[in-house]
Structures are given as C-alpha cells and as structure tokens.
Amino acid sequence: MIAETPAETLPSTSLPFPTLILPTATPYPDIPQFSIGTSWEERDIWAWQFGDGFYTLVLVGGIHGGAEANTVRLSELLVSHFRENPNDVLPGIRLFIIPVANPDGLVRGRSLSGRLNAHEVDLNRNWGCEWSDTAYVRDTPVSPGPRPFSELETMALRTFFLSVSPDAVLFYHSAAGGIFMGECGDMAPGVDWMGPLLEDATGYPVRKFTAYEVSGDATNWLAERNVPAAVVELYSAEQPEFEHNLNGVMALQCHFALDSITGAQPDPVLQQRCDSYMWRD
Ligand SMILES: [Zn+2]
C-alpha cells in the first residue's frame, strides 16, 4: 500500500528541480548515470559515465551552486554532447561528468546563499589542503565548515575520487576567466603540461590565483594526492561557453588517448583529429 502524502509536505527531494537540472529519472537510459551521494537536503549528486578506458577524467560543475549556475549548464551540455556523439569519447578514456556538486545551493539561485550548501558552508573551502577555519570570497568571510570534509557533498566527491583514481580533474567555476592549476605545498602535478594544453584548447589564459588567500580548495587537495587538477573559470557568469570547454575536454582526452597507444604506431587519424583542438577566435 502506498501512503498518500500531500504535495506541500513532501520532502525537498520531491520538489521539482528548476529546468537547469537534469531530471532525477534517467533521461538517457543508454548512458550509465548514478548517484555518488546526497546533499544535506537529500538531493542526489549525479555522475555520468562515458567510456570505460584505462585513463579516468572527471569534470565537475556547480560546486558553487546557483551563484555559478552556468557551470551546471555547461556540464549538462557536455553530458548531452557525449551522449549524442559517442565517438567523441576517445579510445582509452573513461569520462565522468558530475554536473551539480552543490545541488542545494543551485536551487537557492544566484546569490551568496546560492554559492553555499544548506549548512551555509562554501564547499570549495572544505577540503584538506591548507584548510583554515577562516575563509574568504574576495573580502567576504565564508564558512569553511567546522573541519575539512565536514560536509556531505565534499565527502561524496572525496569518496568518489578515491574510488575512481582520476588521471585528471576539472572543476568548472565562473567568472574569473582563466585556468588555475591545483597546487599544494610542493605538489603541482600537471602544471607543466595540463595548464598549457587547456590554455591552447580553451582560449582561457593560465593564471595564478593571487586576488586573495584561498584555503581548502578541491583542486589543491587533488594536487596533494598527485592528481593533475584545474579550476576552469569561465569568462561569463551567464553563458556556458560550451565550445571553449568542449575543445578543452577533447584536448585533455587526446593527451591520454595518444599516450594510451604508446608502443604501437601513433594512429595518424587520431593524431590529426587531436591537432585540431586548438582554440581559434
Ligand atoms: Zn566558484
């Protein structure tokens, strides 16, 4: 017997998501989609998988929720693209896309509150590299949580990263316009190749984040674990900048796909294709 629940008393998980969000029912039944965990308000954090190759790439949108909702839109467009163009998942690649790392913030819209999770914690100040109990967004103090990994959303992502052992990770943010490589202490994996590769392919310049002190950043925690990771800051706070970023994801795949056939003759068709992922204004 199914209990009848009046609509107004349904838990928040049953509220309709805004149109930006992928519906919770799988819209693409032929593509594996799974939840890596839930938010404080019990919204699923969805991951999509494309390909099952040796090299694992992870793309994450929306860690700053509704304040950077265009990164969610970008991630959803990438999901649609790889669904419609399976040949764009290159040989040797396993690609995961997590469009909404902070689903509770997303529903709060474009505001400081929308940047934070339901506990009013900034999820990109809650990671284990150089975590600090005082954290900032520009000159505004924000909560980093009571300790590193105090938040459900951060824990879900951390567990996911530890289980899939990524070879490269991108976190999409907006709108500082640049590529910012993760670094932690002496660890700076991928700064020699991934920053320049992404700059060439996306058109966003590689930059150092010097505007203010950032603590507990996700890409820095990945760097500490020797995983090349970058913050990709879109230019705009509204546009998904899909073409820039599809180019970036293709170039990143090429780095590993071409490497995966080392020992064999380089595939001239793949090589030629990969040479084309250069951003041209
Ligand atoms: Zn951000």
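# Briefing: a predicted protein model with a zinc site

Pro 86 counts as exposed, at 53% relative accessibility (buried means under 20% relative accessible area, exposed over 50%, partly exposed in between, with a 1.4 Å probe and protein chains only). This is a predicted model, in which local features need pLDDT of at least 70, side-chain atom pairs count only at pLDDT 80 or more, and totals for chains, interfaces and linings use all residues. Residues are numbered from 1 along each chain as its sequence is written, and side-chain values use heavy atoms, with hydrogens and water left out.

**Overall make-up**

- The protein has eight helices and nine strands (DSSP runs numbered from the N terminus, with helices being H or I of at least four residues and strands E of at least two).
- Of its 281 residues, 52% count as buried.
- Take the contacts in the protein with a separation of 6 or more: residues 24 or more positions apart account for 76% of them. Contact means heavy atoms within 4.5 Å.

**The zinc site**

- His 64 (ND1), Glu 68 (OE), Glu 68 (OE) and His 173 (ND1) coordinate the zinc ion at 2.0 to 2.3 Å.
- Donors are N, O and S atoms within 2.8 Å of the metal (3.2 Å for Na, K and Ca); water is not among the atoms, so sites may look incomplete.
- Along the chain, the zinc donors follow the spacing H-x3-E-x104-H.
- Glu 68 lies in the loop between β3 (55–60) and α1 (69–84), and His 173 lies in strand β7 (residues 168–174), so the pair ties together parts that are 105 residues apart in sequence.
- The site is irregular, with angles of 58 to 151° among the four donor atoms of the zinc ion.
- Four donors count as tetrahedral if all angles lie between 85 and 135 degrees; four count as square planar and six as octahedral if opposite donors are over 155 degrees apart and all others between 65 and 115; anything else is irregular.
- Glu 68 is buried, at 5% relative accessibility. His 173 is buried too, at 3%.

- Thr 71 sits in helix α1. It is buried, at 0% relative accessibility.
- Leaving out residues up to four places away in sequence, Thr 71 touches Gly 61, Gly 62, Tyr 172, His 173, Ser 174 and Leu 234.
- A polar atom of the Thr 71 side chain lies 2.9 Å from the backbone nitrogen of Gly 62.
- A polar contact is a pair of N or O atoms within 3.5 Å; within protein, one must be able to donate a hydrogen and the other to accept it, and residues adjacent in sequence count only if both atoms are side-chain atoms.

**Aromatic rings**

- There are 16 aromatic pairs. Rings of Phe, Tyr and Trp (its six-membered ring) pair if their centres lie within 6.5 Å; planes under 30 degrees apart count as stacked, over 60 as edge-to-face and the rest as tilted.
- The rings of Trp 127 and Phe 149 have centres 5.5 Å apart and planes at 75°, so this pair is edge-to-face.
- This pair links distant parts of the chain, 22 residues apart: Trp 127 is in the loop between α3 (112–115) and β5 (135–137), and Phe 149 is in the loop between β6 (140–142) and α4 (152–164).
- Trp 127 is buried, at 0% relative accessible area. Phe 149 is buried, at 15%.
- Ring pairs join Trp 127 and Phe 149 into a cluster with Phe 34, Phe 96, Phe 160, Phe 161, Phe 171 and Trp 221.
- Arg 158 lies over the face of Phe 149, 4.8 Å from the ring centre. The rule asks for NZ of Lys or CZ of Arg within 6 Å of the ring centre and within 35 degrees of the ring normal.

- Glu 199 is in helix α5 (residues 194–202). It counts as partly exposed, at 31% relative accessibility.
- Beyond its neighbours within four places in sequence, Glu 199 contacts Ile 179, Tyr 204, Pro 205 and Val 206.
- A polar atom of the Glu 199 side chain lies 2.6 Å from the backbone nitrogen of Val 206.
- Pro 86 is in the loop between α1 and β4 (93–98). Its C-alpha atom is 8.0 Å from that of Phe 50, 36 residues apart along the chain.

**Backbone points**

- Most residues other than glycine have a negative phi, and most peptide bonds are trans.
- The peptide bond from Ser 174 to Ala 175 is cis, with omega near 5°.
- Glu 42 has a positive phi, near 65°. Glu 241 has a positive phi near 50°.
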